[in-house]
Each structure stands twice: as C-alpha cells, then as structure tokens.
Amino acid sequence: MVAPGRALFIFFGLQLAIMAVLYHQGYHHQVSYVLKMLTTSVLSTTDTILTVKDVYSGLDQIQPLSPTKEDLPTCPKTSPFVSGPLKVSFPLDITLDDIVQKNPLVQLGGHYQPPNCWALHHTAIIIPYRARRRHLHQLLYHLHPFLQRQQIHYAIYVVHQMDNYTFNRGKLLNVGFKEAMKENNWQCLYFHDVDLIPEDDRNIYDCSAFPMHASVAIDKFQYELPYQTYFGGVMALQPIHYLKINGFPNNYWGWGGEDDDIASRIFLNKMSISRPPAVFGRYHMLKHGHDRGNKANPNRFQLLSRTHLRWRYNGMNNLLYSLLSKEQTPLYTNLTVHFGIDYH
C-alpha cells in the first residue's frame, strides 16, 4: 500500500506531466493559473504536516557546554531547535517577571548569546513604542524564545516616545538604529512593530543581500501582501544599507507613510526588497484601536510625492532628539526619548 505522503507526490507529479503536455499545445495561460494553485496547495499541505508547537517547546535543551568559551563550536547553519509553525497564545495577565523566569539565559538589557555555540547571526531588534504595555509584554513573551530557537546573538531595544505630541515611528526607528550601533557593531537590524507576533521560526531573523521585508503574510490581510511594494510591519536592513538610504524620514508625524517612503528610498538607490517564503513570513497582529496621538497623517501622500527630492536631506543626517534615559531592564534596553513639537 502506498504511503499517503508518497501518493500525494505521485499525484502532483502526474498533474505536472499533463500540464507540460498542455503547455506545449498552447494552453499557456490556463497552465500558469493551475500551476499557481497547485504550488499553493503543496506549500499549504506541507505546512500542515508539521506540528504546531509552543514557542517554549524544547528550549530546556539549550544548555551551556562544559568547554571554555573560546572552545565553543560555531552554531550550525540551520538550528536544530527550529521546528516551523508556532502556536500564538499568551498567559492571562502576563508580567515581565513571568517572562524573565521563562527566559533564564537572557542577559540584562535583553541580550542573548547562544550558550553552546558561536552565533552566525548578530541582530538588533528595534521596537518603536508608546503606551502599549500589554502588547509589549506579549511580544517579549513570544519573541525571546522565538529568537533563541534560531541560535542567533541578539538584543532587543525598545524606543519609547515620552512626550505627548504626535507619534513619530520613523524618527523612533532612527534613534533605535543610532543608539544600538553605539552599543555593538550589529550586522543586521530588525525594525519591529510591537503588535506583530511571528508564527513560524523558519523566518530567520538575519539580513540578506538586500533589504528584507519579513512580515510577508499578516493575518489581518488574509496572509497576503496588501500591495507589491508594501514594506510595513517588520523589516530588516544591514547598517550599510540603512545609511545608504539615509534611514527613515523624520517628518512623518502620525500613522502611515514612512514605510512607503523607505521603500521608495530603497528603489531610488537601485536596491530590491527581498522576502522570505509566505509560509515562513506569517504574523499574527494583536488587536487594538487607533492609538491616541497616532491619527492618520493627512499629509502622508503629499510627503510621499516628494521623497525623491528630500531623502538625501531628511533622515539619519538631520536626526534631532533628546535621550532622557537609557535603562537596561532584564528583558530589553529601554531608550526614553523626547522629540518636542511636530513642526510639519
């Protein structure tokens, strides 16, 4: 009797053979459509075969080795702790102390080094933040074990806008970049919204040759890109790329526009946007209403139309802010900043 998995691949093999014959007979459009449907089906079926695990499952196997630090082996290219789809769930009324207890290997400031090998990837996670305490706790609860499963060296920076003026996500991310790079020569920086929870640990948090858009498939958008140049949610850039495009714009006050602006900066600098496979880059968006002080920016479309004129002069090279405090908490480094009045 043929095993179910083998029978499935035999079936798809026959379908591909039939389509090849039809393609040579001139049915190009029809074959392309069916091929797309079959590819989606195969990826979906393969994904469901994998067991959906708790994000903390198996982490107790990560133990320090007895050799001295200098004798540690290099971490493997594919971590043995990566398993695929992860369950997104949180304990009721989760506290920071609870998260600390579940992540004993995380060091002060939210730093983590694999205890049993030298990491291949060195990544800073930058989270723009204001008045989202519950979402921050839920993200930290999930993100720390998610990253530990990948055996990467990382640190988490939360950039907290302290003033009562309009929220400025782009400027917060620029601050996070500048302050994180002062602390370490990070190879990769992830700019991560506080309300997006990764659903698959095969979505490795490292950088590629081009700027990376990691949140390819968000449940709010039915796990599809809203539009082809979408660059919002979670994205990653090497420091050299971030400085080449002059970082994020500083003049987008309120919701919307800054992620489209940085996508334009990437294209203007003749770079492409890379993405993980959609089955890996899946995210759950935490529910929330519009934040107070973060209303839709009515000027965003006008600003976007002038990106090509302003990008060289508006970004990292004209960044102004007051760093009120830098605090290393057990789970993250908190950067409290003040911007003042939004002159726009």
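Good morning, colleagues. The model is predicted, so local features are described only at pLDDT of at least 70 and side-chain atom pairs only at pLDDT 80 or more, while totals for chains, interfaces and linings use all residues. Residues are numbered from 1 along each chain as its sequence is written, and side-chain values use heavy atoms, with hydrogens and water left out.

I begin with the charged pairs. Side chains of opposite charge can pair when their charged atoms come close. Here a salt bridge means a side-chain nitrogen of Lys or Arg within 4 Å of a carboxyl oxygen of Asp or Glu. The structure holds nine of them.

One joins the side chains of R149 and D201, at 2.7 Å from N to O. This pair connects distant parts of the chain, 52 residues apart: R149 belongs to helix 4 (residues 133-149), and D201 sits in the loop between strand 7 (196-198) and strand 8 (212-213). Helices (H or I, at least four residues) and strands (E, at least two) are DSSP runs, numbered from the N terminus. Are these two partners buried or exposed? R149 is buried, at 1% relative accessible area, and D201 is buried as well, at 0%. The terms are as follows: buried is under 20% relative accessible area, exposed is over 50%, and partly exposed is in between (1.4 Å probe, protein chains only).

A further salt bridge links K326 and E183, whose closest N and O atoms are 3.0 Å apart. It too spans distant parts of the chain, with K326 in strand 12 (residues 322-328) and E183 in helix 5 (residues 169-183), 143 residues apart. K326 is partly exposed at 42%, and E183 is partly exposed at 27%.

The side chains of D200 and R202 also meet in a salt bridge, at 2.6 Å from N to O. D200 is buried, at 1%, whereas R202 is partly exposed, at 22%.

With 8% relative accessibility, T336 is buried. Its side chain makes a polar contact of 2.9 Å with the side chain of N334; such a contact is a pair of N or O atoms within 3.5 Å, where, within protein, one must be able to donate a hydrogen and the other to accept it, and residues adjacent in sequence count only if both atoms are side-chain atoms. Leaving aside residues up to four places away in sequence, T336 touches H160, M162, S322, L323, L324 and S325, a contact being heavy atoms within 4.5 Å.

Which residues have a positive phi although they are not glycines? D93 is one, with a phi of about 55°, and K270 is another, at about 60°. D93 lies in the loop between strand 2 (86-87) and helix 3 (96-102) and is exposed, at 71%. K270 lies in the loop between helix 7 and strand 11 (282-285) and is likewise exposed, at 76%.One further feature is the largest cavity, lined by N251, Y252, D261, R265, L303, T307, R310, W311 and N314. A cavity is a set of points, on a 1 Å grid over the protein atoms alone, where a 1.4 Å probe fits but cannot get out, and lining residues have an atom within 4 Å of a point. Helix 7 (258-268) and helix 9 (307-310) each supply at least two residues of this lining.

Technical notes:
1 Å grid on protein atoms, 1.4 Å probe; cavity = no way out; pocket = protein on both sides within 12 Å on 5 of 7 lines; lining within 4 Å.
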